[in-house]
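Biologist: I'd like to learn how to read a few features in a protein model. Can you walk me through them?

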Amino acid sequence: MQSATSWLEALSPWPKDGFGTERMLELLDRLGNPQRTFEAVHVVGTKGKSTAARRIAGTIGGLAYTSPHVSGWHERLQTDEAGFERAIERVRPVVEELGATQFETLTAAAFKDFEVRGVRAAAVEAGLGGRLDATNVIDARVVLLTNVALEHTEVLGESRELIAAEKLAVAGPGAVVVLPDDEFASLVGGNEVRVGGAREAAEAFLGRPVELVEASLPGRLELRDGEVRDGAHTPEAVEWLLERLPEPHDYVVVASVLGDKDADGILERLARAGRTLVATSSSNERALPAGEVAARARTWFEVVDLVDEPREALRRAHTLGPRVLVTGSLYLLADLSRDE
């Protein structure tokens, strides 16, 4: 019998009829509207959403729904592999009736799983944008915008303001909106606005000062012996990473980049971490071929090697220097995690 995970992986990740929440609302209605059984902080933005969601969830005494994953699908629902299988099986019959997408299925499974596990507070990370995202079916008390950079411009818009508007559209009446600064405050003029980050979002939810709990996720500034893994997938994310590297220079960089990202901007900044790059690809259908990553990288790196297969690329990097930085895409890190 096909496992729930195998069945999920065969689902289309993209809606054939365009983005929207109509099918998601129908799916949840047939499942008894589990999204109404918990209160939530909705986390939107370009980078840092997963870590922020996990830290907020831990602080408010709840669980987080995050994406994408590195260690396995179960990571998204904060459960184990057996728990994830059960969560998917709960929604599978209705998903098959409605023809839901992979992300709609995951989101519905997370919400139903939270209901079954008695979760009363959750931090929910948006997938793509906000307004038309499958997660925009919760009545969140607090919305956190982590940051805004150009991404998915073909769907979200060609400017940071348009993208911010799409993300902040999840803020319903009465929700407290936490922004990193006041740049986009005018987009949520009807809501209370606070400036800050994950701690301020947790404080807004609980109504009192808090100390934000620590949380870690695979592939988010993950420190290993002689190796750093971080799925920095935008130029701004690379800037953030460079400021936090344990040693600022002389890394051998292993990188894969998705085709819809600013590959040149990412590679230009990664060259500050080291002079050598091992270009590779990932199993994601949007990943640039390793040869194209290598061709672009030669503008900034002194030495560029090309190894198509991620595990072989990592092995090659460790022969070239004592410190290795693996980055550019969380999908690359997920591929490496599957092989361990």
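Modeller: We'll go through aromatic pairs, a helix crossing and a cavity. Keep in mind that this is a predicted model.

Biologist: How many aromatic pairs are there?

Modeller: The general idea is that a pair of aromatic rings is described by the distance of the centres and the angle of the planes. Here the count comes to five aromatic pairs. One of them joins Tyr-65 and Phe-111, with 6.2 Å from centre to centre and 75° between the planes, so it counts as edge-to-face.

Biologist: Which parts does that pair tie together?

Modeller: Tyr-65 sits in strand E2 (residues 63-65) and Phe-111 in helix H5 (residues 102-116), so the pair links parts that are 46 residues apart in sequence.

Biologist: Okay, helices next. At what angle do H3 and H8 cross?

Modeller: Roughly 35°, and the axes of H3 (residues 49-60) and H8 (residues 198-206) come within 9 Å. The crossing of H3 and H8 is right-handed. On the H3 side, Ala-52, Ile-56, Thr-59 and Ile-60 make the contact, while H8 brings Ala-198, Ala-201, Ala-202, Phe-205 and Leu-206. Sort the contact of H3 with H8 by class and you get eight nonpolar residues, one polar and no charged ones.

Biologist: And what volume does the largest cavity have?

Modeller: About 40 Å³. With a cut-off of 30 Å³ or more, the count is one cavity.

Biologist: Which residues line the largest cavity?

Modeller: Its lining is Phe-19, Leu-128, Gly-129, Gly-130, Leu-132, Asp-133, Val-155, Leu-156 and Glu-166. By class, that lining has five nonpolar, two polar and two charged residues.

Methods:
Residues numbered from 1 in each chain as written. Predicted model: local features only at pLDDT ≥ 70, side-chain atom pairs only at ≥ 80, totals over all residues. Heavy atoms only, no water. 1 Å grid on protein atoms, 1.4 Å probe; cavity = no way out; pocket = protein on both sides within 12 Å on 5 of 7 lines; lining within 4 Å. Points joined across faces, edges and corners; volume = space filled by probe spheres on them. Nonpolar A, V, L, I, M, F, W, Y, C, P; charged D, E, K, R; others polar. Axes fitted to C-alpha atoms, helices over the stretch in contact; angles between N-to-C directions. Helix = DSSP H or I, 4+ residues; strand = E, 2+ residues; numbered from the N terminus. Left-handed = near helix turned anticlockwise from the far one by under 90°. Contact = heavy atoms within 4.5 Å. Phe/Tyr/Trp six-rings, centres within 6.5 Å; stacked < 30°, edge-to-face > 60°.
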